[in-house]
There are 4 protein chains.
Amino acid sequence: MPIRVTVWHEFRHEKTSKAVKAVYPDGMHVVFKKAIEEQLKDEVVVKTATLDEPLHGLSDEVLKNTDVLTWWGHCAHGDVKDEIAQKVAQRVREGMGLVVLHSGHYAKPFKLLMGTNCHLKWREAAEKERIWNVSPGHPITAGLDKDHIDIDHEEMYGEHFDIPTPDELVFVSWFEGGDVFRSGCVWKRGAGKIFYFRPGHETFPTYFHPDVRKVLANGVRYVAPTPGVVPYRNTSPNIKIPLSPIAGEHVVDEALHKH
Amino acid sequence: MPIRVTVWHEFRHEKTSKAVKAVYPDGMHVVFKKAIEEQLKDEVVVKTATLDEPLHGLSDEVLKNTDVLTWWGHCAHGDVKDEIAQKVAQRVREGMGLVVLHSGHYAKPFKLLMGTNCHLKWREAAEKERIWNVSPGHPITAGLDKDHIDIDHEEMYGEHFDIPTPDELVFVSWFEGGDVFRSGCVWKRGAGKIFYFRPGHETFPTYFHPDVRKVLANGVRYVAPTPGVVPYRNTSPNIKIPLSPIAGEHVVDEALHKH
Amino acid sequence: MPIRVTVWHEFRHEKTSKAVKAVYPDGMHVVFKKAIEEQLKDEVVVKTATLDEPLHGLSDEVLKNTDVLTWWGHCAHGDVKDEIAQKVAQRVREGMGLVVLHSGHYAKPFKLLMGTNCHLKWREAAEKERIWNVSPGHPITAGLDKDHIDIDHEEMYGEHFDIPTPDELVFVSWFEGGDVFRSGCVWKRGAGKIFYFRPGHETFPTYFHPDVRKVLANGVRYVAPTPGVVPYRNTSPNIKIPLSPIAGEHVVDEALHKH
Amino acid sequence: MPIRVTVWHEFRHEKTSKAVKAVYPDGMHVVFKKAIEEQLKDEVVVKTATLDEPLHGLSDEVLKNTDVLTWWGHCAHGDVKDEIAQKVAQRVREGMGLVVLHSGHYAKPFKLLMGTNCHLKWREAAEKERIWNVSPGHPITAGLDKDHIDIDHEEMYGEHFDIPTPDELVFVSWFEGGDVFRSGCVWKRGAGKIFYFRPGHETFPTYFHPDVRKVLANGVRYVAPTPGVVPYRNTSPNIKIPLSPIAGEHVVDEALHKH
C-alpha cells in the first residue's frame with residue numbers, strides 16, 4: 001500500500017508576485033509533488049490541495065484518506081478556517097503524518113499541535129545557509145552525501161524559535177549574518193508524527209535543491225503511519241471492571257463524574 | 001521576593017456533593033493554599049481564585065502578578081471562558097509556572113499548552129495507588145522519605161495518557177486494578193514550566209496526605225520563574241541588520257513579507 | 001538488501017538448569033532466531049553467536065557484517081571480555097542497532113552505552129505482568145491487537161531503573177505485586193539505535209508469546225541502520241579552512257593543541 | 001548549608017606555554033574559583049584540585065564532600081587514572097553535580113557518563129563566537145541581559161558533537177567560519193546532573209567574560225544536589241515480599257539467579 005500524500009499549499013504568492021512566479025510558475029505545490037514522487041516513486045501517491053479550493057481542499061474525505069500532509073503557507077495563515085485547522089490537528093493526533101515547511105511555522109494546525117507561539121527571528125538578505133546534520137544516521141538524512149547542506153541564498157530564521165523541545169533534533173542551521181536555527185525537528189502528538197523543515201523561501205529556488213528534495217521526501221516517509229498499529233483512542237473510557245481484583249471498598253459518588 | 005502563587009479552583013463539587021463537602025468542607029482551594037504555605041512558608045505568598053468569581057478570578061492584573069498558578073478543575077471545564085484560558089496559556093509561555101492537578105488534565109489551558117487531547121482511562125473503585133519515583137534526586141521529590149508514595153484509596157487514571165512526551169518524567173503510578181500512569185510530568189512551553197501531578201480525586205482526602213502536600217509545594221517551587229532572566233519575546237522580529245557581514249545580493253521582494 | 005541480524009546469547013543456563021532446559025531445550029538463541037525470521041522473513045538474515053565460542057562469536061568480521069545485534073545474558077556478564085564489550089559498544093556508535101533483552105540490562109556493552117549503573121529491583125514470584133503501550137502508533141507496536149500485552153508469569157523488574165532518560169518510551173509494565181517498570185525504551189548513541197525490552201526470564205516461556213515475538217522483531221527493524229546515510233565520523237578533525245571568511249587575527253599557539 | 005564546590009583543573013598548559021600563562025598566570029582554576037565565589041557568594045564554599053596532586057586531588061574524602069565538581073582538562077586526559085575517573089562518574093550517579101568545560105568534552109568521567117565518543121570538529125582561528133540562548137527562562141541563563149553572548153575570539157567547536165541527546169539544550173553557538181555547536185547541554189545520570197558548557201580555550205581570556213562567569217556560576221547552582229532527597233540506591237535489590245498479594249504459583253529455580 002503506497003503512502004497517500006496530500007501536498008497542501010497556500011498558493012497565493014505565485015498569483016501576485018512576479019518574483020515568486022518567476023521561480024515557481026506553476027505554484028510551489030507542483031514542485032513539492034514532483035520532488036516527493038521523484039524520490040519515493042511507487043512508495044507514494046501524491047495529490048495536492050490549496051487554500052482557495054472549497055474547504056481549502058481538505059474535506060473530511062480527503063483528510064481521512066491522507067497518510068501524510070505537507071504544508072506550506074505564509075501570507076494567508078489567517079484565511080485558514082479555524083474549523084479546518086482543528087480537523088487537521090486532530091487527524092495528526094489520530095495518526096496522520098505532518099510535514100511543515102518554512103513559513104508554515106505560523107500555520108494554525110502547527111501552532112495548535114505545538115502549544116506555543118512559534119515565534120522566531122527573520123531577515124531577508126539572500127544570505128548563505130548551512131544546514132548541519134546533528135543526528136548522524138537519522139532516516140531523514142538518507143541519501144545526503146555530506147554532513148551539511150549548503151544553500152546559497154535563503155531567508156534567515158533565527159533563535160529563539162518558540163517551539164516545545166523537539167523529540168528529535170535532526171538539523172541546525174548556520175546563517176552568514178550571525179544566527180542559528182533548529183531547522184529540522186520531529187515531534188509526536190497522539191499517534192501522529194510531525195516534521196518541521198526550515199528552508200524554502202518563496203523567492204528562492206530552494207525546493208529545486210537536490211538535498212532539500214531528499215529531506216522533504218525522507219520526512220514524508222519518516223512521519224508516515226506504521227501499518228498495523230492499534231488505532232488511536234479518541235476518548236477517556238471508564239474502565240469499570242479492573243483487570244486485577246481490588247480490595248478497597250467502592251465508595252464512588254456516581255452523580256459526580258463525567259469525563 | 002516571595003513566589004506569588006495563585007491557587008485556582010473550580011469549586012463546584014463542594015457545593016453540590018455531600019461526599020465532597022465531607023472531605024473538603026471549605027473547598028479544595030483552601031487545602032491547597034494551606035499545604036503550600038505550610039511547606040514553603042516565607043518563600044511564598046498564596047492567594048486563591050475560583051471559577052464563579054468575575055473573570056474566574058483571573059483578571060489581567062491577577063495573572064500579571066502571579067508567578068505560579070495551580071489548577072484543579074473537573075466537572076466544569078467547559079465553563080471556563082476560552083478567552084481566559086488563552087490568557088492563562090499565554091502567561092505560561094511568558095514565564096508563569098503552572099501546576100495542573102488530577103482532573104485538570106482536561107483543563108482548557110493545559111490542553112492548549114499540550115497540543116494533544118489529554119485523554120486517559122479512569123475507574124472509580126477506591127483502589128490502591130503507589131506512585132513510584134523514577135527520577136531520583138529530582139527537586140520535586142525533596143522531603144519524601146521513600147522511593148514511592150502509597151495512597152490507600154484513589155480514582156484510577158490509566159495509560160495511554162495522551163500527552164506529548166514529557167521533558168521530565170518524575171513519577172509513574174501503579175494501580176491495584178492493573179493500570180499504570182505517568183503521574184508526574186514536567187514540560188516547558190515558551191519561558192514557562194508546567195508540572196502535572198496526578199493524584200487528588202475530590203472524594204478522597206488525598207490532599208491531606210503529607211507526601212502529596214510536599215510534592216505539590218515542591219512543584220510550585222520547581223516551576224517558579226527564575227529571577228533575572230531575559231523576558232520572553234512575544235514577537236517574530238525582522239532583524240534587518242545582520243551581526244556579521246553578508247556577501248550575497250539582497251534580492252528581496254519587500255511587498256511580500258509580513259510575519 | 002536484508003537486515004543482517006546476529007542473535008547473541010549467553011547460553012549457560014540451558015546447560016546447567018533443568019528448569020531452563022525444559023523451556024528452551026535448544027537454547028534461547030534458537031528461539032530468538034526463529035521468532036525474528038518468522039516475523040520479518042525476507043527482510044532479514046539471522047545468525048547466532050554465543051559466549052563460549054571463540055571471541056564470544058563476535059569477531060571483528062562478524063561485528064562488521066552485523067546490522068542489528070540482539071543480546072540476552074544473565075549469570076555470566078562478567079565473563080564477557082572487556083575488549084569485546086568495548087568493540088560492540090563502538091559498533092553501535094558507528095551505526096549498528098542493538099536490541100537488549102531482559103537481564104541484558106547489566107550487559108557490559110549496554111552499561112558502556114548508557115553511562116549509568118542500570119540497577120533495578122527484582123522479584124521472582126511468577127507474577128502477572130501487563131505491558132502497557134504508552135506510545136500509540138510507534139513502529140515497535142505494529143501488529144499488536146491491544147494497547148497492552150499480558151504475560152501470566154514473569155520475573156518482576158521494578159523502578160527505579162537506573163538508565164538515562166530514554167529518547168523514546170514505548171512500554172511501561174505493571175506487576176501484580178505492586179511495581180512498575182519502563183520496559184520498552186529507545187536511545188541513540190552516535191549513529192546507532194538501542195532498544196531495551198524487558199520481559200524474558202529464562203524459566204518462563206515468554207519468548208513463545210506471540211506479542212513478545214512481534215515486539216522483538218519490530219525492535220530489530222526499528223534499530224536497523226538506514227541505508228545511504230553518511231558514515232559515522234570516528235574522529236575530531238581539525239577543520240583548518242573555514243567555510244566562511246574569518247575576520248579575527250589568527251593567534252594560535254600551534255605547539256599546544258592536539259585533540 | 002552552602003554548596004561545596006571542587007574546581008578541578010588539569011593545570012599543565014600554564015606551566016609550559018607562555019601564551020597560556022599570559023592569560024591565566026596563576027592557573028585557570030584560580031579564575032574559575034573566583035568567578036564562582038564572586039557570583040554565588042555565601043551560597044558556595046569553593047576548593048580546587050589539580051591533576052598533579054596525589055590522587056589528582058580527588059581522594060574518596062574529597063569526592064564524598066563535594067556537591068559540585070567542575071572540570072577543565074585538555075592535553076592530559078590520558079594521565080587521569082581510570083580508577084579516579086570511574087569514582088568521579090560514580091559520584092555523579094550518586095548525586096554530585098558535574099560542570100564540564102570546553103575541552104573537557106574528552107575527559108574520562110564525561111565520556112563514561114555519556115556512553116559516546118564525544119567527538120567534535122575544531123579550528124583555532126581566533127574567530128567570533130555567538131552563543132544563542134535557545135531555552136528562554138532557563139535558570140542557567142539568569143543574569144544575562146541579552147538573548148546571546150558574544151565572544152570576540154574563540155576556538156571553534158563544530159557539529160556533529162557526538163553526545164547523547166541532551167535532556168535540556170540551553171545554548172547553541174554560531175561561529176564566524178561556518179559552524180554551529182550545541183554549547184550548553186544538561187543531562188541526568190542516576191541522581192546527578194551534568195552541565196556541559198563549551199567556551200573557554202586556554203589562550204583566550206574567555207573566563208574573564210562577565211556572561212561566561214555568570215553561566216558558569218548558574219551551572220554550578222543548577223546541578224547542585226537538592227537537599228532532602230532519598231539517597232541514590234546503588235544496588236539491584238531482591239524485593240522478595242511484594243506489596244500486593246500475588247496469585248500465581250511461585251516457580252523459581254533459586255540456584256540460578258544472582259543479580
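A polar contact is a pair of N or O atoms within 3.5 Å; within protein, one of them must be able to donate a hydrogen and the other to accept it. The legends below describe a predicted model.

**View 1. The side chain of B:Arg182 and its polar partners.** B:Arg182 sits in strand β8 of chain B. The side chains of B:Arg182 and B:Glu159 are joined by a polar contact of 2.9 Å. That distance qualifies because the cut-off is 3.5 Å. A backbone atom is also part of this view. The oxygen in question belongs to B:Phe161 and lies 2.9 Å from a polar atom of the B:Arg182 side chain.

View 2. Is B:Arg182 buried or exposed? B:Arg182 is buried, because its relative accessible area is 6% and buried means under 20%. Residues up to four places away in sequence are left out of the following neighbours. In chain B, B:Arg182 touches B:Glu159, B:His160, B:Phe161 and B:Ile163. B:Pro166, B:Leu169, B:Phe171 and B:Val172 are also touched by B:Arg182.

**View 3. B:Thr70 in strand β3.** B:Thr70 belongs to strand β3 of chain B, which covers residues 68–72. How is B:Thr70 placed, buried or exposed? The relative accessible area of B:Thr70 is 1%, so this residue is buried. Its contacts, not counting residues up to four places away in sequence, include B:Val5, B:Thr6, B:Val7 and B:Trp8. B:Thr70 also touches B:Ile36, B:Val99 and B:Val220.

**View 4. A:Leu120 in a loop of chain A.** A:Leu120 is found between α6 (108–114) and β5 (121–133) of chain A, in the loop that links them. A:Leu120 is buried, with a relative accessible area of 0%. How far is the C-alpha atom of A:Leu120 from that of A:Lys240? The two C-alpha atoms are separated by 47 Å. Along the chain, A:Leu120 and A:Lys240 are 120 residues apart.

**View 5. The interface of chain B and chain A.** Here 70 residues of chain B are in contact with 69 residues of chain A. The size of an interface is often given as the accessible area lost when the parts come together. Between chain B and chain A, about 5,500 Å² is buried. Carbon and sulfur atoms give 51% of that area. How many salt bridges are there between chain B and chain A? The count is zero. Polar contacts do occur: 32 residue pairs are found across the interface of chain B and chain A, with both residues at pLDDT 80 or more.

**View 6. The side of chain B that touches chain A.** Several elements of chain B each supply at least two residues to this side. The helices are α2 (18–23), α5 (82–93) and α6 (108–114). The strands are β5 (121–133), β6 (148–158) and β8 (180–189). Which element gives the most to this side of chain B? β5(B) does, with seven residues. By class, the side of chain B that touches chain A has 26 nonpolar, 26 polar and 18 charged residues.

View 7. The same surface serves both copies, as 99% of the contact residues of chain B recur in chain A.

**View 8. The interface of chain D and chain C.** In this pair, 70 residues of chain D are in contact with 70 residues of chain C. Chain D and chain C bury about 5,400 Å² between them. Of that area, 51% lies on carbon and sulfur atoms. Zero salt bridges are counted between chain D and chain C. Polar contacts join 32 residue pairs across this interface, both residues being at pLDDT 80 or more. Elements that give two or more residues to the side of chain D that touches chain C include α5 (82–93) and β6 (148–158) of chain D. β5(D) gives the most, with seven residues.

**View 9. The two-fold axis of chain D and chain C.** A rotation of 180 degrees superposes chain D on chain C, with 0.0 Å of shift along its axis and an RMSD of 0.0 Å. That is the relation of a two-fold axis. Which residue of chain D comes closest to the rotation axis? D:Gly115 does, with its C-alpha at 2.5 Å. Because 100% of the interface residues of chain D are also interface residues in chain C, the copies meet through the same surface.

Notes:
Residues are numbered from 1 along each chain as its sequence is written. Chains are lettered from A and ligands numbered from 1 in the order in which they are written. Side-chain values use heavy atoms; hydrogens and water are left out. Contact means heavy atoms within 4.5 Å. Buried area is the accessible area (1.4 Å probe) that two parts lose on being put together, summed over both. A salt bridge is a side-chain nitrogen of Lys or Arg within 4 Å of a carboxyl oxygen of Asp or Glu. Helices (H or I, at least four residues) and strands (E, at least two) are DSSP runs, numbered from the N terminus. Ala, Val, Leu, Ile, Met, Phe, Trp, Tyr, Cys and Pro count as nonpolar, Asp, Glu, Lys and Arg as charged, and the others, Gly among them, as polar. Buried means under 20% relative accessible area, exposed over 50%, partly exposed in between (1.4 Å probe, protein chains only). Copies are superposed by least squares on the C-alpha atoms of residues with pLDDT of at least 70 in both.
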